[in-house]
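Here are a few notes to read with the structure open beside you. Take them one at a time.

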Amino acid sequence: MPRRNDLKRILIIGSGPIVIGQACEFDYSGTQACKALKSEGYEVVLVNSNPATIMTDPEIADRTYVEPLTVPFLEEIIRKERPDALLSTVGGQTGLNLSVELAEAGILDKYGVELIGAKIEAIKKAEDRLLFKDAMTKIGLESPRSRLITSVEEGLDFIGKIGYPAILRPSFTLGGTGGGIAYNREELIDILERGIALSPVHETLMEESVLGWKEYELEVMRDLADNCIIICSIENFDPMGVHTGDSITVAPAQTLTDREYQMMRDASLACLREIGVDTGGSNVQFAINPADGRMVVIEMNPRVSRSSALASKATGFPIAKIAAKLAVGFRLDEIANDITLKTPACFEPTLDYVVVKIPRWQFEKFPGSDPTLGTQMKSVGEVMSIGRTFKQSLSKAIRSLETGKNSKIEDTFDPSLIANKLITPTPDRLPYLRYALDQGYSVEEIHEMTKIDPWFLRQMEEVSLEFKRLANRGALDADEETMRSAKRMGFSDAQLARAWNTTELDVREHRKSMDVRAVFNRVDTCAAEFESFTPYLYSSYESECEAEPTGRKKIVILGSGPNRIGQGIEFDYCCCHASFALQDFGCESIMVNCNPETVSTDYDTSDRLYFEPLTLEEVLNICDTEKPDGLIVQFGGQTPLTLALPLKRLGIPIIGTDPESIDVAEDRKLFGKLLDDLKIPSPPNGSATSADGAVDIARNLGFPVLVRPSYVLGGRAMVIAYDEDTVRRYMREAVTFSQDRPVLIDRFLQDAIEIDVDALCDGEEVLIAGIMEHIEEAGVHSGDSSCVLPAYSISEETKNTIIDYTRKLAIALKVVGLMNIQYAIEDGKVYVLEVNPRASRTVPYVSKATGVPLAKIAVGLMLGKKLSEFAAITGAPASGVLPVPQYFVKSPVFPFNKFRGVDPALGPEMRSTGEVMGVGENFGEAFAKAQRSAGTPIPEKGTVFISVGDHDKPKAVEVARKLHDFGFELVATRGTANAIRNAGLPCKVIFKVNEGRPNAVDFIKAGQAQLVIYTTTGATTFSDEKEIRRTALMYRIPCITTISGAQAAAEAVASANRDPIRVWSLQEIHGH
Amino acid sequence: MGLDFDREYPAFLPRVRTIIGSDVARQWRGVVKLKGCGVTGFRLADASEANLSNGRRQRLSKAILALEDGRVFEGRAFGAQAERVGEVVFNTSITGYQEIFSDPSYTGQIVVLTNPQVGNYGTNDDDPQGAQPFIEGLVVREFTPRPSNWRSSLSAEDYLANCGIPIASEIDTRTLVRHLRSGGVLRGALSTVPQSAEALIDKARNAPSMTGRDLASVVSTKTVYDWNESVPRVSSSELLEETLEPRHHVVAYDFGVKRNILRRLRQHGARVTVVPSVTSAEDALALKPDGVFISNGPGDPEALDAQASELRKLIGKTPVFGICLGQQVVGRALGCTTFKLKFGHRGGNHPVLNKLTNKVEITAQNHGFCVDPDSLPASEVELTHFNLNDQTLEGFRHRNEPLFCVQYHPEAAPGPNDSLYLFEEFARMMDEYRR
């Protein structure tokens, strides 16, 4: 079945901002799909609200819309672009849901758009629990046994069939309220009574528990001719009970016989056919009872998923790319395998290595949240590693996590916690497993507590025993055999150094002297049965190196590792662009990264891909093999920067800004001196290493002060202290994060406007790419603040000062490439807050707003070109500021709904996971779109509840007036209401939480407010403030916590009442 | 029920002779001596207990694999302390090592598994494809003697050690496979007893070549027997078709037949009589079969021309279905030539296009020889299946007579079940022929 020629233009809907559970794996799949369709000659129209993605680059699709992912905006795009088809399966759950909504709203029919990939019936059958269960029963597959229960007696009867524990879910309650797990009769009666009462239809779903069962996933593909293949089997290290996204997973499955694996394969194929997914990739999840092999189907995703991205990286089989081709009519056997070239894509990849994925969590960002892992995903990123054996792979995966705790690992364990840490899954379980084994716990004991398959535990036990044996041996008298065997088992040089009480580099030298060196094997989809033509490599300590480095001029790019808050997809965007640029400039690009979700770890992105941990050891191994002409560290965020100086000192040629300059910018003393020399002001500051010292400094500076550790990422462990107690508490609690570096204390500039600047410098000329004005005041982390291009409220004079300072700093730091500076403007005076001589997280946003590929130019500069050579691209002289043709607002997206009990107020600690961009002809329109995309749309009318501190009252009154003009009803707490009434506006009064009832929280819960403006009062956070913000969050009512945010919201309301729904593609905006 | 060693362990005696002075060999000799005494219920578990300490003792000793071209790979020894020679071949299946060990088609071969983790799920009583392991030796990247699976009854180490088979672990199997892929399969010698590499290289060079070798006669049953077992259910959740009441009588030529073929034949409604590979066409027809099945097996089909000429006599007299070596022998019966592939097809992921349905089947494969499609008489034979990786012939059928063959393994075990329809087709063919 060949390519469909009746289709010309295909719409792809992306997955929107990065949120927990839907991250940059969909940038990877969407990008692959766009590229695949384009290469087959289709016109691709892409919509995604997330500007940090590669897929929204103007080159990836023919028409790129960074617009809200809502039905009205999508209809407008469809009306304008008239696509022939919509590919529903590559944009995650968001893309799939929107496809269904568009179909159900009749929009696809109205404009004659065909749904390709998965049809609406198939999507519904897969997504609706009951329909799905019926479908599985029909084909003879079991699901966990369940029944809808309407009385306690019925429940007691059913428990006799399924046994304890039972999972209970009341029907139609908000967020699963009233549900739970019943472990005994008492709890069962209790939860059932409550659940039946709470449920509006007086029903509770009672389900057999499969906690502790073995969990598996199969990635399946199907073409229109009904050819079906399994791409990869994945076994969860953590048994059922922990969300797959929060589980350590292993590919291929390790503990199934062929018979059992084929049982699962047959079931997956039957499932796919019954659900009726026409083409593309799907995944099916199973649980298996380890006692008797009984298997139940848990769920299936009729689309490319997070696991598909993992499976693609784990096997070298590009699922999304192939899925896109299948959707337009190709058969699997008509598509070539990219890696072997000579064999078709219609086969099942086989692995001669083991892949391990470990999630990355960040509970430390959300004080008060519960780190227990359960059925709701909580991790923000993940790492994958490839090793010849499970031991090697697990060890590499742990190294890839960069948890920064390596050196002190023994100190952080508490023997009395072992049982608790093993039984209750949290991010600590993996380290505690190793610790328990070191303490002599047996595999059987640990299996009893964790239900983790004994095979995995034995592998870990062997590592634990070997480490003890090695530690007992003398330091460096290990012979070649011992050394090779230790490396083959996966020990890092740093671990061996710890065992032998020496340094990592000594171990390295010693083993190299015995010729124990890393070699590189290829990921080739076929276990070496056929020759591989794609250098997709991982390290091992085998006997032959398959890297086959070329003699071309080549540059290594260090990626950004696992996604974290503060170091996310933006940096992957930069790394990918660096790679594309290198290829454009005729250099070979070599990518190093360990994040399976990203575009950078697609074997298509760079000339060569090393899927490796970003550690000194692994990077040196690659350099030893490749002997690169240069290494780029400034695109991957903090991860490569921490390696920059050690690498430079070992003679690795780092191109771009000198690592010493990076150090100057990060070392408070050196940086302070530089600012003094340049006569550039910064907030008064000092540094301290003791609590008393810190309090003294704070007193001298005057409260409030900003306290933070010397090296920061995403504002980690940063607080604004309004009093001495807070400073003391900080010094007590924050020491573990300071890594023996002093704590920095700055005077906090209240009410200042914050400005972010991205600039390019070739060492002589400085081109300012963007002056971004933050919408929230200083004090809110720059990553958590909405910002706008162009800056709209600062004076020409201030702008000139900013340009001047930026130029001076860039030249002084000898920046070659990108830099980012944060400024605060207080009473017209410009202060420098922070300088980062590297790519910042705003690079993709600025690139899309200006239409100028900043990362690409930066790479040119690093290769020795001058800014003047890029005049054709920038459309500007070598210096000055790039023009911005419209208003572009970037807004953050927060994961607060995943963390119960956490206060969603904004502060200096970054907590957003992703971002969106809104485009408009005016600020209000752009901001309104950005807020809509971020999932917190500003209402056009309704009731607004306002409560602000005295300080903010004058501005709040102005906001109230505007909202009133647009027909909003005003409701406020007493003080705010008085201020509003004094201005001659009508306003109802409502009680504060501690005053009595009905109060503000009741008011919000009753759905009587459509907008909440509730600013912090400064010194302390009152519990009712937190309660109001949590309630607004729960009831999905936009809650604005800063007064400048409220002013912006008023602009958005004005736009909503004035501007029609209109959309612009990036290609239109920038005249491509 | 006693075991008939001539039937269940046909390749047993020559095998024991190659084991050098190990406890295992002595044990096995002991068992053999018991044979005439009508010993009942010899259990593998007995041997495993006795062998345990032996297995443990070898952990730190070295294993060496030497190839005829002088290349030597060193690893760690598991399994029996023994020295074996054979053709070194690799299999790319991720799962199913026990089925591979026990597939009679691997007779005379040292098997390299590309899946690096082997032994994980132990071995059980349902999965073996023959009465014992048939491989000469096992070469893997990492072997574990400690199984974890609810069905495991014996560790993979004991399963092999009990039959005197050595295991080399911690071998750089990827390099080895790349070597075999580029140079073609080689003869090799595998030792887990102290031995010099030079001596082993010599032994590899002196090992018999697979070309021209008749191994099917060695592993074939010597007596006629009935097969009545269908596919056993191993989990309540298996999607397993029900076993049909017997309505056909199939005579199965045993060239080294895998149990799952017999089970699938039975499942699809056949009463099966297994006959030795040397059975004459007359004797086979005398059993009044509704169809004749020609099995898989080891060795070079060229060495089986006597059998091929007997099979020639069956064509047109009764429906014929051949698998693997069965296809090669039937092909030769039709006058075609066979040739040896550079490194064979061994794995569970080979795409095969069925020209009749225009659909792709993912198949299990295990063959070193192949039918040359150009040598088949086009007037008599229609080519039906092709391997999409290298375009080699995977199946054909006779244009005028009830006969079809496939080169791959529709019975799976190990491998995907995409091609089970062929057993249905055979049953249908027998139904139609009867009418």
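1. First, a term: a residue is buried if 20 or more other C-beta atoms lie within 10 Å of its own, exposed if 12 or fewer, and partly exposed in between, with C-beta atoms placed from the backbone. By that count, 59% of the 435 residues of chain B are buried.

2. Keep in mind that this is a predicted model, where local features need pLDDT of at least 70, side-chain atom pairs count only at pLDDT 80 or more, and totals for chains, interfaces and linings use all residues. Residues are numbered from 1 along each chain as its sequence is written, and chains are lettered from A in the order in which they are written.

3. Chain B has 14 helices and 19 strands; these are DSSP runs (H or I, at least four residues, for helices; E, at least two, for strands), numbered from the N terminus.

4. Now the inside. A nonpolar core is a set of buried Ala, Val, Leu, Ile, Met, Phe, Trp, Tyr and Cys residues joined through C-beta atoms within 7 Å. The largest one has 446 residues, and A:Leu760 and B:Val139 are among those with the most contacts inside it. Helix α20 of chain A (residues 569-584) gives the most to this core, 10 residues.

5. Where do the chains meet? Counting two residues as in contact if their C-beta atoms, placed from the backbone, lie within 7 Å, 45 residues of chain B touch 54 residues of chain A. On chain B's side, α7(B) brings the largest share, 6 residues.
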